[in-house]
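Hi,

Here is the structure I promised to pass on to you. Have a look at it first, and then read on for what turned up in it.

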Amino acid sequence: MPELPEVEIVKQSLEKRVKFKKIEKVLIKNRNLRFKIQNNMENLLKNQKIINIFRKSKYLIIQFLNNQYLIIHLGMSGTLHLVKNNKKIRRTNLSFYKSGILPEKHNHIEIIFSGFKIIYNDPRRFGFFIILSNKKDFIRYFNKFGPEPIDKSFTKAYLSKILKSKNTCVKSFLLNQKFVSGIGNIYANEILFYSKINPRKLCKYLSGTEVGKIAKYSKVVLNKAIKKGGSSIKNFKNIKGKDGSFQNEFKVYNRENKPCLTFNCKENIKKITISNRSTFLCFSCQKK
DNA sequence: AAGAGGCCCTGATAGC
DNA sequence: TGCTATCAGGGCCTCT
């Protein structure tokens with residue numbers, strides 16, 4: 001699920017709740033996530049004070065006073081839920097994809113604070129929790145990721161330099177976190193529609209103008225998604241207030257056979273497959 | 001070495 | 001209704 005904008009929203013609500021708080025206890029009910037949770041994670045987190053919460057790419061990072069970092073990736077279906085007073089569930093952006101209702105199954109991890117807890121739920125278990133024990137490990141871990149589209153360093157010049165020798169298609173490139181991090185399948189589709197570029201086009205054949213559009217619209221689309229509170233795909237009808245609404249603004253994603261939204265365009269959106277991922281486009285607007 | 005595809009897993013939905 | 005097949009927002013690993 002969660003691409004950069006969704007993780008950013010989770011980060012913002014998590015920050016409000018747990019920054020400067022101390023974890024009392026951690027309960028792990030199922031260690032078999034994408035990577036097996038290390039045996040001593042409960043001990044490493046017990047009684048640790050949180051000094052910062054931030055996000056890199058699609059990763060949530062919790063930094064502790066003792067210089068540890070907890071790295072959380074939500075995979076495809078991971079959600080965090082704030083649970084108060086043992087049973088009462090509070091509506092919160094932490095339960096980004098689940099309408100504020102705590103699911104009954106697949107609650108794998110509980111992070112317990114004084115008076116409330118954060119529950120990690122993940123049906124598919126593609127998410128993971130890992131601990132990095134110092135700043136050096138932390139920096140090394142995130143070294144392998146390219147800049148985020150919303151970074152200042154993500155410019156036409158940066159892209160041009162890499163793209164001219166890339167033999168892969170532009171959509172696969174946008175999904176490769178090594179060169180640009182934070183874009184997932186939804187936003188890759190949207191960015192290429194805004195840029196009027198065919199997702200199958202090989203990177204090395206992109207014109208300067210097209211590279212400029214990719215740089216520009218990557219920023220535009222992600223910033224707009226963050227502003228709208230991200231995209232909520234499931235159970236959206238029950239979500240109120242601050243929850244995501246960017247799914248209402250999708251131009252192509254999940255719009256197979258629906259009319260292209262470009263003014264005066266008569267085409268319908270089509271669905272194709274690129275590297276086993278669904279790809280939506282307008283063959284008229286994205287000819288080249 | 002870079003790039004494409006398989007695979008991890010459960011649940012929702014479509015089609016018969 | 002109830003089966004089976006397909007697909008889903010990610011990213012690591014393997015093979016070519």
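Before we start, one term: two residues are in contact if their C-beta atoms, placed from the backbone, lie within 7 Å. Please also keep in mind that this is a predicted model.

The buried ones are Ile186, Tyr187, Ala188, Asn189, Glu190, Ile191, Leu192, Phe193 and Ser195. What do the buried residues of α6 pack against? Their partners are α5 (170-175), α7 (208-227) and β11 (277-281). Just after α6 comes lysine 196, whose phi is positive at about 55°.

Now a step back to chain A as a whole. Chain A has seven helices and eleven strands. Its radius of gyration is 20 Å, close to the 19 Å that the globule rule gives for 288 residues, so chain A is as compact as a globular protein of that length. The C-alpha trace spans about 55 × 45 × 30 Å along its principal axes. Of the 288 residues in chain A, 38% are buried. If you take the contacts in chain A with a separation of 6 or more, 65% of them are between residues 24 or more positions apart.

Next, the strands. As a reminder, strands of a sheet pair through backbone hydrogen bonds, either parallel or antiparallel. One open sheet here has four strands in the order β2-β3-β4-β9, with antiparallel pairing. Which strands stand at the edges? They are β2 (50-56) and β9 (128-132), each with a single partner strand, so one side of each is left without a neighbour in the sheet. From one strand to the next, the twist averages 20°. Helix α1 (residues 4-18) packs on this sheet and touches β2 and β3; the direction of α1 makes about 175° with that of β2. Within the sheet, β3 (residues 59-64) and β4 (residues 69-73) are antiparallel partners over five bridges, and glutamine 63 stands opposite tyrosine 69 in β4.

Strand β7 (residues 107-112) pairs with β1 in the antiparallel sense over four bridges, where isoleucine 28 has isoleucine 109 in β7 as its bridge partner. Strand β7 is also joined to β8 (residues 116-121) by five bridges, and these two run antiparallel as well. There, asparagine 107 stands opposite asparagine 121 in β8. β7 and β8 form a hairpin with three residues between them, and glycine 115 in the turn has a positive phi of about 90°.

Phenylalanine 20 has a phi of about 70° and lies in the loop between α1 and β1 (25-28). Is phenylalanine 20 buried or exposed? With 9 other C-beta atoms within 10 Å, phenylalanine 20 is exposed. Asparagine 264 has a phi of about 75° and belongs to the loop between α7 and β10 (270-274). Asparagine 264 is exposed too, with 5 other C-beta atoms within 10 Å.

Glycine 212 sits in helix α7 and counts as partly exposed, with 17 C-beta neighbours inside 10 Å. From C-alpha to C-alpha, glycine 212 and threonine 273 are 25 Å apart in space, and they are 61 residues apart in sequence.

Finally, the DNA. Which residues are around DNA strand B? They are Lys105, Pro123, Arg124, Arg125, Phe126, Lys166, Asn167, Thr168, Cys169, Ser172, Ser275 and Asn276. By class, this surface has three nonpolar, five polar and four charged residues. One of the residues around the strand, serine 275, is placed in the loop between β10 and β11. Serine 275 is exposed, with 10 other C-beta atoms within 10 Å. Serine 275 and phenylalanine 145 are 130 residues apart in sequence and 20 Å apart in space, again from C-alpha to C-alpha.

Enjoy exploring it!

Best wishes

Terms used:
Residues numbered from 1 in each chain as written. Chains lettered and ligands numbered in written order. Predicted model: local features only at pLDDT ≥ 70, side-chain atom pairs only at ≥ 80, totals over all residues. Near = placed C-beta within 6 Å. Nonpolar A, V, L, I, M, F, W, Y, C, P; charged D, E, K, R; others polar. Rg over C-alpha atoms; globule rule 2.2 N^0.38 Å. Buried ≥ 20, exposed ≤ 12 C-beta atoms within 10 Å, placed from the backbone. Pairing = 2+ DSSP bridges. Axes fitted to C-alpha atoms, helices over the stretch in contact; angles between N-to-C directions.
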